[in-house]
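Thanks, everyone. I have one chain to walk through today. Let me put it on the screen.

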Amino acid sequence: MSILRNLAVTDWRGARFAPVEQAGIALTGRMPMAALDFGARVWRLAGRSGANPVQAGRLDLSALEGATPGLVLEPSRTNLVFPSTVAPTGWGVNGGSGIAVNPGPAFGGIAGAVITSGTSDWGRAFGNPMTLTSGVSYAVSVWVAAGTSGKVRIELFGTGIDAIVSGTFGALGATYQAGAAVSNLSQTDLGGVWCIRFRVLPSVTATNVTLGIGPSSSVAGKTVLAHAAQVEVAERASSPIATTTAPVTRAADAPVLPLGPWFNGAAGALRLAVLPLGPEAQTLAQLTDSADAALLTLGINGAGFVTLTGAGVALTSASAIAPGGAQAVQIGWGPAGTQLRLGAASVLGGALTLPTAAKLRFGPANALVQSLYLWDRQV
């Protein structure tokens, strides 16, 4: 008697795909060679799971930014405030104010400090002096919570400069602007801690400017809670940069995904779910050769339109990226031509093959990539 393997159809099992791959297959009907979900932190290359294959990547914005998951892409920035953590050590006080370590819960890993009023509503705690240059834009960020005053005063003060944002939480305004104009004021409640941001454009240059935070009360003993502060040369703020005894510069994010033997770039497709963090022109991703020469570049221009460029190819999306949410950008290339797709609209171009593609590089950009799918064929 022979024992034979059961080959009945009920015993047959098809290929098994991870959920992140199934999502990619649902988009095109084809299995992606790379399926990376930066939010769920699931990575699949050629059907295999492993560690995050993206090198030098920074994952997830912090609690100070609303704890948004994704691959962070930000430009190089310098925080001029030091120490960035508001604390009795390193921060001074004026106007009869007091400062003490916050005895309550930390936020984003930062204990912060309780700032107590004297009898002057301009009394505040302040960091070390910095230089502000005439005609240069500065993005100011503070992370504060309401104390017994129910108000806050944020003040940039130096020779010839006095810019004040103050008021009750959620209803702040630019209440004084001498030697500097205030604009782009935003107030975001992160669950009891407010991220307050605004742009300052000085009309004079001053070398002794301090950033101060106070309870904005002339009644002694009123409080406000402050966690951290940041001032950077920029139109719009970036994520927090920790400092201690001097300004600190964060390098631009430049993560890279090496393309192994599982990828054949002669023809392919790429899909990014991306959340732009700033409206400026930027490079989302590039396919490069082993010497880092760009073969194909996916970006956003200054007007917010998506662009795709390569040898003999220059495409621009039919519409601009909409602000406020993640969007899917898909491109394809090969002997049959190129395609750039944003939303329901596609733009077509000439043939482009990339047989020497060796790396997928991200940035320089100001964006958050939530997922990446990469196919080694046109789909």
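This is a predicted model: local features need pLDDT of at least 70, side-chain atom pairs count only at pLDDT 80 or more; totals for chains, interfaces and linings use all residues.

Now the overall picture. The protein chain has one helix and 31 strands. Its C-alpha trace spans about 95 × 60 × 35 Å along the principal axes. There are 379 residues, and 47% of them are buried. Look at the contacts with a separation of 6 or more: 67% of them join residues 24 or more positions apart. The exposed surface comes to about 16100 Å², with 56% supplied by carbon and sulfur atoms. On charge, we have 22 positive and 17 negative.

Next, the helix. α1 covers residues 19–28. Which of its residues are buried? Val20, Glu21 and Gly24. They sit on the same side of α1, because they cover an arc of only 100° around the axis. Turn to the face away from the buried side, and you find Pro19 and Ala26, both exposed. What do the buried residues of α1 pack against? Three strands: β1 (34–37), β2 (42–45) and β31 (367–375). After α1 comes Gly29, with a positive phi near 85°.

Two of those packing partners also pair with each other. β1 and β2 run antiparallel, over four bridges. Ala35 has Arg44 of β2 as its bridge partner. Four residues lie between the strands in this hairpin, and Arg41 takes a positive phi there, near 60°. β2 then pairs with β3, residues 48–49, again in the antiparallel sense, over two bridges. Here Leu45 stands opposite Arg48. This second hairpin has two residues between its strands, and Ala46 has a positive phi near 50°.

Now to β13, residues 151–158. How many of its eight residues are buried? Six, so call the strand mostly covered, taking buried as under 20% relative accessible area. β13 has antiparallel pairings with two strands that I want to show. One is with β14, residues 161–168, over eight bridges. Within that pairing, Ile154 is bridged to Val165. The hairpin of β13 and β14 has two residues between the strands, and Gly160 takes a positive phi near 80°. The other is with β18, residues 206–214, over five bridges. There, Phe157 stands opposite Thr210.

Last, two single residues. Thr338 is found in β28, which covers residues 338–342. Is Thr338 buried or exposed? Buried: its relative accessible area is 2%, and the cut-off is under 20%. Leave out residues up to four places away in sequence, and Thr338 still touches Val313, Leu315, Gly332, Trp333, Val347, Leu348, Gly349, Gly350 and Leu352.

Ala246 is the other one. Where does Ala246 lie? In the loop between β19 (223–233) and β20 (248–250). Its relative accessibility is 33%, so Ala246 counts as partly exposed. Pro129 is 117 residues away along the chain, yet the C-alpha atoms of Ala246 and Pro129 are separated by 10 Å.

That is the tour. I'm happy to go back to any part of it.

Terms used. Residues are numbered from 1 along each chain as its sequence is written. Side-chain values use heavy atoms; hydrogens and water are left out. Buried means under 20% relative accessible area, exposed over 50%, partly exposed in between (1.4 Å probe, protein chains only). Contact means heavy atoms within 4.5 Å. Accessible areas come from the Shrake-Rupley method with a 1.4 Å probe; for residues, only the protein chains shown count as cover. Lys and Arg count as positive and Asp and Glu as negative; His and the chain ends are not counted. The place of a charge is taken as NZ of Lys, CZ of Arg, CG of Asp or CD of Glu. The arc is that of the directions from the helix axis to the C-beta atoms. Two strands pair if DSSP finds at least two bridges between them.
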